[in-house]
Amino acid sequence: MAKDLFKNSILYTVLGFLPLAFAFIFTPIYVNYMDEKEYGLLNLFLLYSGIFTIILNLGISRSFAYLYWDVYKSEKELKKLISSTITLLLILQLILVLASLFFGESVISKITKSDDDF
């Protein structure tokens, strides 16, 4: 038990530092091959995607984890929870994809205040 806990702790720690390691490794490459405008757009994209991911998650994963412990003993209720969670995610993604197809270009041009970069 203690061996597994130690092994899993090391694994999660390494995986937690992985995005930082990629940023540390690839930043000199980005700076070398991109001009200031392209690098700024890349950073804006990463910033906005991080913010939108948090907002669009809507707490679905946490609510699933919370509700899981209420229904994990009943196979029927667990399947119902999983299917409703997947259905909710698919509906939300469909709405977001359609909204981005119709309104994405105007939203991005207003956010970045430029029309010709995208």
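1. Isoleucine 111 is found in helix α4; helices (H or I, at least four residues) are DSSP runs, as are strands (E, at least two), numbered from the N terminus. The model is predicted: local features need pLDDT of at least 70, side-chain atom pairs count only at pLDDT 80 or more, and totals for chains, interfaces and linings use all residues. Residues are numbered from 1 along each chain as its sequence is written, and side-chain values use heavy atoms, with hydrogens and water left out.

2. Isoleucine 111 has a relative accessible area of 31%, so it counts as partly exposed. The cut-offs: buried is under 20% relative accessible area, exposed is over 50%, and partly exposed lies in between (1.4 Å probe, protein chains only). Not counting residues up to four places away in sequence, isoleucine 111 touches Tyr48 and Phe52. Contact means heavy atoms within 4.5 Å. Between the C-alpha atoms of isoleucine 111 and leucine 5 there are 45 Å. Along the chain, these two are 106 residues apart.

3. The largest pocket has a volume of about 610 Å³. Its lining holds 19 residues; Phe52, Ser100, Gly104, Val107 and Ile108 are the closest to the centre. Helix α4 gives the most, with eleven residues.

4. On the pocket method: a 1 Å grid is laid over the protein atoms alone. A pocket is an open set of points with protein on both sides within 12 Å along at least five of seven lines, and lining residues have an atom within 4 Å of a point. Points are joined across faces, edges and corners; the volume is the space filled by probe spheres set on them.

5. The lining of the largest pocket has 14 nonpolar, five polar and no charged residues. Here Ala, Val, Leu, Ile, Met, Phe, Trp, Tyr, Cys and Pro are nonpolar; Asp, Glu, Lys and Arg are charged; the others, Gly among them, are polar.

6. Threonine 85 is also placed in helix α4. Its relative accessibility is 14%, so threonine 85 counts as buried. Leaving aside neighbours within four places in sequence, it is in contact with Ile60 and Phe64.

7. The structure holds one salt bridge (a side-chain nitrogen of Lys or Arg within 4 Å of a carboxyl oxygen of Asp or Glu). Lysine 79 and glutamate 75 form it, at 3.3 Å, N to O. Both lie in helix α4 (residues 75-112), four residues apart, about one turn of the helix. Lysine 79 is exposed at 54% relative accessibility. Glutamate 75 is exposed too, at 57%.

Methods. 1 Å grid on protein atoms, 1.4 Å probe; cavity = no way out; pocket = protein on both sides within 12 Å on 5 of 7 lines; lining within 4 Å.
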